[in-house]
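Please keep the sequence and the model in view while reading.

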Amino acid sequence: MIRVLIADDHAIVRTGLSQLLGTADDIELVGAAGDGAEAATMAAELRPDVVLMDLSMPGTDGIAATERIVAAAPEVHVLVLTSFSDQTRILDALQAGAEGYLLKHSEPEVILAGIREIVSGGSPLDPKAARVLLTNRRSPGPETKLTDREQEVLAMVGAGLPNKTIARRLGISERTVKAHLTNVYQRLGVTDRTQAALWAQRQRRDDD
């Protein structure tokens, strides 16, 4: 069972999501928070597999709550579910540690699939969020060059290694590997590990 915590300040949204999760045999609702601070506290106590995180909430917003959850419970996957698709919020959420970004108008099956994907190591992205990452692409320069560790991670992705193996070889957590990959995706202007792997393979051929 995939254990899920909902974080949204609107009761009607929490109720609707609760009903949606109840239709899935492999997903269990373990709690619902009405603001970011409560979400961070509940995530630390309940240790859900996934937090469905709204961004616009009173007090502690979803981005700050994501940072707190990632710091306190790095094994928890944060999947943003929001109405906002602007570049700033998308990039800030991913940089805070969110591993996926979906919009509330998504079809119910897309939300359920996103929950399953994120616990399997994927990064579900709404098409609008994916386009933001692509349009955030910049010309290569000193400020957009990959760090040494990011280059190591990218090379291993290009070699077809899964996150768990990469983490073990580098002596870091899977969460850290995913954080490096998020930065890599943004800097390369790609949206997933397949595109990043192809980019790495092309670079290796060019270098040869």
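Within strand 3, Val50 is the bridge partner of Val4. This pair belongs to the parallel pairing of strand 1 (residues 2-7) with strand 3 (residues 50-53), which extends over four bridges. Strands and helices here are DSSP runs numbered from the N terminus, with at least two residues (E) for a strand and at least four (H or I) for a helix; two strands pair if DSSP finds at least two bridges between them.

The model is a predicted one, in which local features need pLDDT of at least 70 and side-chain atom pairs count only at pLDDT 80 or more, while totals for chains, interfaces and linings use all residues. Residues are numbered from 1 along each chain as its sequence is written, and side-chain values use heavy atoms, with hydrogens and water left out. The chain has a mean pLDDT of 88, and 93% of its residues reach 70 or more, pLDDT being the predictor's confidence in each residue on a scale from 0 to 100. Over residues 138-143, however, pLDDT stays under 50, and the model has three contacts beyond four places in sequence for this stretch. Contact means heavy atoms within 4.5 Å.

The sheet as a whole is open and consists of five strands in the order 2-1-3-4-5, with parallel pairing. Strands of a sheet pair through backbone hydrogen bonds, either parallel or antiparallel. At the edges are strand 2 (27-33) and strand 5 (100-103), each of which pairs on one side only. From one strand to the next, the twist averages 25°; angles run from 0 to 180 degrees between N-to-C directions, and axes are lines fitted to C-alpha atoms, for helices over the stretch in contact.

Strand 1 also pairs with strand 2 in the parallel sense, over six bridges, and Leu5 stands opposite Gly31 of strand 2. Because five of its six residues are buried, strand 1 is largely enclosed by the rest of the structure. Buried means under 20% relative accessible area, exposed means over 50%, and partly exposed lies in between (1.4 Å probe, protein chains only).

In a regular strand the side chains alternate between the two faces of the sheet. Strand 3 is covered on both faces, with Val50 and Leu52 buried on one side and Val51 and Met53 buried on the other. Strand 3 runs parallel to strand 4 and is joined to strand 4 by four bridges; the bridge partner of Val51 in strand 4 is Val78.

The loop between helix 2 and strand 3 contains Arg47. Most residues other than glycine have a negative phi, and most peptide bonds are trans. Within helix 2 (residues 36-46) lies Glu38, which is partly exposed at a relative accessible area of 35%. Leaving aside residues up to four places away in sequence, Glu38 touches Ala32 and Ala33.

Two further helices are each followed by a glycine. In helix 4 (residues 87-96), the buried residues are Ile90, Leu91, Ala93, Leu94 and Ala96; Gly97 follows helix 4 with a positive phi, near 125°. In helix 8 (residues 163-170), Asn163, Thr165, Ile166, Ala167 and Leu170 are buried, and the Gly171 that follows helix 8 has a positive phi, near 70°.

Helix 7 (residues 148-158) packs with helix 9 (residues 174-188) at an angle of about 90°, their axes being 9 Å apart. That angle makes helix 7 roughly perpendicular to helix 9; angles of 65 to 115 degrees count as roughly perpendicular, those under 35 as roughly parallel, those over 145 as roughly antiparallel and the rest as oblique. Helix 7 contributes Arg149, Glu150, Val153, Leu154 and Val157 to the contact, and helix 9 contributes Val177, His180, Leu181, Asn183, Val184, Arg187 and Leu188. By class, this contact has seven nonpolar, two polar and three charged residues, where Ala, Val, Leu, Ile, Met, Phe, Trp, Tyr, Cys and Pro count as nonpolar, Asp, Glu, Lys and Arg as charged, and the others, Gly among them, as polar. His180, in helix 9, counts as buried at 17% relative accessibility. Not counting residues up to four places away in sequence, His180 touches Arg149, Glu150, Val153 and Ile172.
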